[in-house]
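Trainee: I'd like to learn how to read strands and their neighbours in a model. Can you walk me through one?

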Amino acid sequence: MITISCASPKGGVGKTTVATIIATTLAMQEKPRTPKVRVIDADPSANLTRWAAERENKGRAALFDVVSGVVAETIVDQIDAIEEEDETDFLIIDLEGTAGEIVGYAIGRSDLVVIPMSSSSMDARQAAKASQLVKRMAKTFKIDLPYVFAFCRTNSAIMTKEHKTIVSQLRTHNEPVLEVELKERSAYRAIFTEGATVPELEENKSGSIGKAQDNAVAFTQAIIDYLVASRTIEEAA
Ligand SMILES: Nc1ncnc2c1ncn2[C@@H]1O[C@H](COP(=O)(O)OP(=O)(O)O)[C@@H](O)[C@H]1O
Ligand SMILES: [Mg+2]
């Protein structure tokens with residue numbers, strides 16, 4: 001089982017959106033086979049749980065189980081129980097926007113921590129706090145904990161000067177940045193109103209649903225590629 005957590009102490013950076021995009025994209029993948037996905041909603045505001053409930057309301061088929069109401073005292077047992085069942089290929093964990101105890105436990109059990117951030121320097125500082133927490137956990141437990149920054153809600157037409165500066169600062173400090181950004185697209189908001197996946201949304205004249213879906217697939221693939229690459233480096237070390 002591969003466990004991917006979405007973490008950042010800042011709210012509103014795109015953790016839940018990223019977790020939902022990764023989980024739905026993987027669960028809809030057809031080749032070479034459809035992986036079994038599960039989700040842990042470890043945020044008391046329960047937005048991913050609401051997405052799944054809205055899905056059910058609208059009569060759409062469930063793509064995966066969402067485990068809700070998870071607390072710090074039980075999260076590790078819940079992750080381990082899912083792993084022991086030996087049925088799940090990908091466990092996606094959506095975390096609350098704090099640096100609370102539960103975040104540390106989830107990170108400690110993750111194969112990859114995705115840190116969503118927007119291209120503002122205020123967000124960059126908060127994102128750095130998330131990566132520092134991952135590094136402290138890795139050091140404390142003497143384990144390898146790969147993480148990657150993922151830019152979210154970036155402008156699909158232009159790359160702002162602020163964005164370029166933040167990316168180059170991260171690269172200068174050898175911080176890992178995901179090659180593909182999740183662009184700002186209304187489709188990524190609409191999925192929550194509709195309890196839908198991106199391809200289930202109704203296409204409009206501008207074809208923006210198709211573009212959002214292509215971006216979602218490329219983004220998810222970049223995460224999987226990053227994970228595979230980080231494992232290869234770890235094995236070679
Ligand atoms: N790529 C995106 N395009 C458009 N809207 C987005 C995107 N990412 C996030 N949002 C919107 O921004 C807000 C915060 O995103 P969310 O995923 O809930 O962040 P977090 O989980 O970090 O608090 C939500 O209203 C969400 O719909
Ligand atoms: Mg959230």
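This is a predicted model: local features need pLDDT of at least 70, side-chain atom pairs count only at pLDDT 80 or more; totals for chains, interfaces and linings use all residues.

Trainee: Which strand pairs with strand 5 in the parallel sense over three bridges?

Mentor: That's strand 1, residues 2–6. Strand 5 also pairs with strand 6 (residues 147–154), again in the parallel sense, over five bridges. There, Val113 stands opposite Tyr147 of strand 6.

Trainee: Is strand 5 enclosed or open, and why?

Mentor: Count the buried residues, where buried takes 20 or more other C-beta atoms within 10 Å. In strand 5 (residues 112–117), six of the six residues are buried, so the rest of the structure largely encloses it.

Trainee: What about the two faces of strand 5?

Mentor: In a regular strand, side chains alternate between the two faces of the sheet. Here, Leu112, Val114 and Pro116 lie on one side, with Val113, Ile115 and Met117 on the other, and all of them are buried.

Trainee: What hand does the β-α-β unit of strand 5, helix 5 and strand 6 have?

Mentor: Right-handed.

Trainee: And how do helix 4 and helix 5 pack?

Mentor: Look at angle and distance: helix 4 (residues 101–108) and helix 5 (residues 121–141) pack at about 60°, their axes 10 Å apart. The crossing is right-handed. Helix 4 brings Gly104, Ile107 and Gly108 to the contact, and helix 5 brings Leu133, Val134, Met137 and Phe141. By class, that's five nonpolar residues, two polar and no charged ones.

Technical notes
Residues are numbered from 1 along each chain as its sequence is written. Chains are lettered from A and ligands numbered from 1 in the order in which they are written. Axes are lines fitted to C-alpha atoms, for helices over the stretch in contact, and angles run from 0 to 180 degrees between N-to-C directions. Helices (H or I, at least four residues) and strands (E, at least two) are DSSP runs, numbered from the N terminus. A crossing is left-handed if the near helix is turned anticlockwise from the far one by less than a right angle, and right-handed if clockwise. Two residues are in contact if their C-beta atoms, placed from the backbone, lie within 7 Å. Ala, Val, Leu, Ile, Met, Phe, Trp, Tyr, Cys and Pro count as nonpolar, Asp, Glu, Lys and Arg as charged, and the others, Gly among them, as polar. A residue is buried if 20 or more other C-beta atoms lie within 10 Å of its own, exposed if 12 or fewer, and partly exposed in between; C-beta atoms are placed from the backbone. Two strands pair if DSSP finds at least two bridges between them. A crossover is right-handed if, with the strands pointing away from the viewer, the path from the first strand over the helix to the second runs clockwise.
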